[in-house]
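Please look over the structure shown here before reading on. The text below goes through it step by step.

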Amino acid sequence: MTDERRILLVEDEPKIADALKLGLTENGYTVTLAYDGSIGYKLFKSDTFDAVILDINLPGMNGYELCKAIRANNPQVPVIMLTALSALNDKIEGYDAGADDYIVKPFEFKELLLKLRVLLKRTLHQNIPVGNVLKAADLEINLDSREVKRAGVVINLTAKEFQLLEYLVRNKNKVVSRADIALKVWEIDFDTNTNVIDVYINYLRSKIDKPFETKLIQTQVGMGYILRD
Ligand code: CA
């Protein structure tokens, strides 16, 4: 985990979007911007973000639909909805869609920063996501009980296999290199003379993929591995 906080911002009004991106960047965040809901969702699935800020009235996919899709994919990531709508019903719909907080335009940028900090602090302090369960497709990793299940079947992993799987799932849909794995899971610099990572990937595959039709762990030749859900 790095200290860099990555934010996905989905807002179709260029002036607001650009101002927010600039403000967040000045406050140390790395911002990925989409002007369209369905593009926002594609970006969300293809990368890892610490928080999402999204508008409600968006082309492609509206903010409620986008929020629901994000929640189905990742129950933990903090989501803040931005909107010009201030009626109570819209707020309720936003929370029902899975938003953690709601901010009504026009707003003070400071207010957004504050809400963002509070939500990020919550996830960082726990250091494990709300609910303590990571999911990818039909795979579930319970970080409290250290239990791993696929399609409801309990799978026994060694401590290292568990750490490796946790790392792959936290970075799901993203290619991770052997060097990343060496550093984050083994806390060593990658040594090309060792095949320990490939060996452990094979152990994991035989437990979490081999008995099942859909294979989650895929090799990206020359780049590393990716766990797709
Ligand atoms: Ca809009």
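What follows covers the confidence of the model, a metal site and a pair of helices.

This is a predicted model. The mean pLDDT of the protein is 88, and 92% of its residues reach 70 or more. Residues 126-130 are a stretch where the pLDDT is below 50. Beyond near neighbours in sequence, residues 126-130 have eleven contacts in the model. Where pLDDT is low, the predicted coordinates should not be read in detail.

Next comes the metal site. The calcium ion is coordinated by Asp12 and Asp55, each through OD, and by Asn57 through O. Along the chain, the donors of the calcium ion have the spacing D-x42-D-x1-N. Asp12 is in the loop between strand E1 (5-10) and helix H1 (14-26), while Asp55 belongs to strand E3 (residues 51-55), so the two aspartates tie together parts that are 43 residues apart in sequence.

The last topic is the packing of two helices. Helix H2 spans residues 37-46 and helix H3 spans residues 63-73. Their axes are 10 Å apart and form an angle of about 15°. Angles under 35 degrees count as roughly parallel, and H2 and H3 are therefore roughly parallel to each other. The crossing of H2 past H3 is right-handed.

Which residues in H2 and H3 meet? From H2 come Gly37, Gly40, Tyr41, Phe44 and Lys45, and from H3 come Leu66, Ala69, Ile70 and Asn73. Sorted by class, the contact of H2 with H3 has five nonpolar, three polar and one charged residues.

Key. Residues numbered from 1 in each chain as written. Predicted model: local features only at pLDDT ≥ 70, side-chain atom pairs only at ≥ 80, totals over all residues. Heavy atoms only, no water. Axes fitted to C-alpha atoms, helices over the stretch in contact; angles between N-to-C directions. Helix = DSSP H or I, 4+ residues; strand = E, 2+ residues; numbered from the N terminus. Parallel < 35°, antiparallel > 145°, perpendicular 65-115°, else oblique. Left-handed = near helix turned anticlockwise from the far one by under 90°. Contact = heavy atoms within 4.5 Å. Nonpolar A, V, L, I, M, F, W, Y, C, P; charged D, E, K, R; others polar. pLDDT = per-residue confidence, 0-100. Donors = N, O, S within 2.8 Å, 3.2 Å for Na, K, Ca; no water.
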